[in-house]
Amino acid sequence: MSATLVVGAQWGDEGKGRVTDLLARDVDFVVRYQGGNNAGHTVIVGKERFALSMIPSGVMQPEVVPVIGSGVVIDPKVLLAEISMLEERGVDPSRLRISGNAHLIMPYHRLLDAAQEDSRGDRRIGTTGRGIGPAYTDKIARAGIRVQDLFDRDFFAAQVEAAVADKNRLLTRLYDQNPLDPVPIVEEYLCYADRLLPLVGDTSRLIWEALQDGRKVLLEGAQGTLLDIDHGTYPYVTSSNPTAGGASVGAGVGPKAIDRVVGVAKAYLTRVGSGPFPTELFDEAGDRMVDVGGEYGTVTGRRRRCGWLDLVALRYARRINSLTELFITKLDVLSGFPTVRAATGYRHAGQTLTELPMRHTLLADCEPIYQDFEGWEEDITGVRSFADLPRAARFYIESIEDQVGVPVSHVSVGPERHQVAVR
């Protein structure tokens, strides 16, 4: 059995979509295992840019079967709109398979998401407002509605009626919102059922049989390690497990099936939303990273916070995920910086820290200890071999390897799918 896992090694937005698109050339299945339409993956094919939020990036490879696993929460309206977008642009999404065990994002989840975020005031988490957290809350509370429930009309209608009655108490009494009517919700979602039915099945069994037959499977996560609900900078995290352990659960495969774990990390660091960020920049260097790197969210359009690479956090990602290699993205964005920096440790209360502190409140007060690297002026967007990178750029990548203890296999040097320097 041979499964490869692509996992974000930072706070998400590392470029996992283009990495998955590249690696998907050599696999048969690409499986999205967690998250929802709160995370976008961008794939650039020639002059065309595809922004995907639900369908696995592997759909861009014509021979690949894209799979949405049980760990994903699905907004069917968004998913079907994405399917239509791909069809209109000449990409065949009929190969898509969806787990019947995946949970649905309902209209009341979106309303509750927005109301809860507003109620936090200065303690806002930075949620996208797309209902992801409330959908996972219902899942854990055993009050969720699954994709398979759509195909039993009476059962689905009863579930929605009970859920709306419960949510209306929250919406009206706690958040001063108007109550919802369950009838139009039922009618809307049952219309989605007709289009989804041919795509739904037991995806865990599908993946298992593929692995037994010697076929290659790629598991694709959304968000990143530092946003993991258990291992991230809580509470400024997502509502699922983007880390390697979550891949096994969300895809429905045993951990022994995964023999390669590719950690994706930018050559610098970005974060969306609130939360601690020790290497964040508030100067011209940070603004330049935003402008040159196009650092705006695929789904939300929000400006990303930018800073120097944090090797402490990257070592943490290596440990949490058992990374076997690193794929460094956006190295070209750093071209032209006279000096490139990376944090090798932190200072806090007179102490030097080389590991992430257990308490995120301490992380917010940490001062990064930087190692400075000579920059490079050369345009590297045409480089296709690691050996052809400028000496200073190679030394920077080699230093990341030494600090993290994981080999770098690929370095992206531009946004297009072919702009990769292979090690």
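How many bridges join strand 5 to strand 7, and do these strands run parallel or antiparallel? Two bridges join them, and the two strands run parallel. The structure is a predicted model, in which local features need pLDDT of at least 70 and side-chain atom pairs count only at pLDDT 80 or more, while totals for chains, interfaces and linings use all residues. Residues are numbered from 1 along each chain as its sequence is written, and side-chain values use heavy atoms, with hydrogens and water left out.

**View 1. Strand 5 and its partners.** Strands are DSSP runs of E with at least two residues, and helices are runs of H or I with at least four, both numbered from the N terminus; two strands pair if DSSP finds at least two bridges between them. Strand 2 (residues 29-32) runs parallel to strand 5 and is joined to it by four bridges. Ile 68 of strand 5 is the bridge partner of Arg 32, and Ile 68 also stands opposite Ile 98 in strand 7.

**View 2. The two faces of strand 5.** Val 65 and Val 67 on one side, and Pro 66 and Ile 68 on the other, are all buried (under 20% relative accessible area, with a 1.4 Å probe and protein chains only). In a regular strand, side chains alternate between the two faces of the sheet.

**View 3. Residues around the largest cavity.** A cavity is a set of points on a 1 Å grid over the protein atoms alone where a 1.4 Å probe fits but cannot get out, and lining residues have an atom within 4 Å of a point. Trp 11, Asp 310 and Tyr 346 are among the residues that line the largest cavity.

Notes
Buried means under 20% relative accessible area, exposed over 50%, partly exposed in between (1.4 Å probe, protein chains only). On a 1 Å grid over the protein atoms alone, a cavity is a set of points where a 1.4 Å probe fits but cannot get out, and a pocket is an open set with protein on both sides within 12 Å along at least five of seven lines; lining residues have an atom within 4 Å of a point.
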